[in-house]
Amino acid sequence: MTVTETAADRLIRIGEVARAAGVSARAVRYYEQQGLLISERSPSGQRLYRQDAVTLVRFFQQMYAAGLTSRRIAELLPCWDSGHTDAEQRAMLRAERDRIQAKVDDLQAALDRLDEVIAITDSHP
């Protein structure tokens with residue numbers, strides 16, 4: 001690391017990104033293929049990523065778990081990068097939030113029902 005290079009500027013290998021984000025190297029390559037991540041190449045051809053790739057990969061994982069597609073995540077990235085949105089982007093963000101909230105509500109209702117069943121079975125062994 002040079003004197004002018006900070007730890008945040010240091011590029012990290014795909015394995016480091018994968019380990020830190022809790023995913024496989026294959027998942028990191030997939031995100032790159034989908035246009036969600038950008039890598040540089042070392043002289044020997046290894047993929048190298050900026051430090052913030054770990055945070056991005058974690059974000060991708062959360063969005064995939066919530067049911068968003070790669071395309072939808074790609075549409076979110078400019079909002080993430082700039083912190084600014086236009087009216088169409090805000091509408092899309094709100095629609096995704098509403099969809100996720102509906103899933104959370106459904107899961108909470110299922111959890112409540114399971115709690116009822118557990119309570120009944122605990123009192124009647």
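Visitor: How far apart are the end C-alpha atoms over residues 90-117?

Guide: In this predicted model, the stretch of residues 90-117 carries the UniProt annotation "coiled-coil region", taken from an unreviewed entry. Over that stretch the chain is 100% helix and 0% strand. The separation of its end C-alpha atoms is 41 Å.

Visitor: Which percentages of helix and strand does the span of residues 11-79 have?

Guide: UniProt, again through an unreviewed entry, places the feature "domain: HTH merR-type" at residues 11-79. The end C-alpha atoms of this span lie 24 Å apart, and its make-up is 58% helix and 10% strand.

Visitor: What distance separates the centres of domain 1 and domain 2?

Guide: The domain assignment of the protein gives domain 1 as residues 1-67 and domain 2 as residues 85-125. When the centres of domain 1 and domain 2 are taken over C-alpha atoms, the separation is 31 Å.

Visitor: Are α1 and α2 roughly parallel or roughly perpendicular to each other?

Guide: Helix α1 covers residues 14-21 and helix α2 covers residues 25-33, and the two pack with their axes 8 Å apart at an angle of about 105°. Because angles of 65 to 115 degrees count as such, α1 and α2 are roughly perpendicular.

Visitor: How many charged residues does the contact of α1 with α2 have?

Guide: On the α1 side the contact is made by Ile14, Val17 and Ala18, while α2 contributes Ala25, Val28 and Arg29. Sorted by class, this contact has five nonpolar residues and no polar ones, and the number of charged residues is one.

Visitor: What word describes the orientation of α1 to α3?

Guide: Helix α3 spans residues 53-65, and α1 packs with α3 at an angle of about 50°, their axes being 9 Å apart. Since an angle of 65 to 115 degrees would be needed for roughly perpendicular and one under 35 for roughly parallel, the orientation of α1 to α3 is oblique.

Visitor: Is the crossing of α1 and α3 left-handed or right-handed, and how many nonpolar residues does the contact have?

Guide: The crossing of α1 and α3 is right-handed. The contact is made by Val17, Ala20 and Ala21 of α1 together with Ala53, Val54, Val57 and Arg58 of α3. By class, the contact of α1 with α3 has one charged residue and no polar ones, and the number of nonpolar residues is six.

Definitions and conventions. Residues are numbered from 1 along each chain as its sequence is written. This is a predicted model: local features need pLDDT of at least 70, side-chain atom pairs count only at pLDDT 80 or more; totals for chains, interfaces and linings use all residues. Side-chain values use heavy atoms; hydrogens and water are left out. Axes are lines fitted to C-alpha atoms, for helices over the stretch in contact, and angles run from 0 to 180 degrees between N-to-C directions. Helices (H or I, at least four residues) and strands (E, at least two) are DSSP runs, numbered from the N terminus. Angles under 35 degrees count as roughly parallel, over 145 as roughly antiparallel, 65 to 115 as roughly perpendicular and the rest as oblique. A crossing is left-handed if the near helix is turned anticlockwise from the far one by less than a right angle, and right-handed if clockwise. Contact means heavy atoms within 4.5 Å. Ala, Val, Leu, Ile, Met, Phe, Trp, Tyr, Cys and Pro count as nonpolar, Asp, Glu, Lys and Arg as charged, and the others, Gly among them, as polar. UniProt positions are given in the numbering used here, feature names are shortened, and annotations may be inferred rather than shown by experiment. Domain bounds come from an automatic or database domain assignment.
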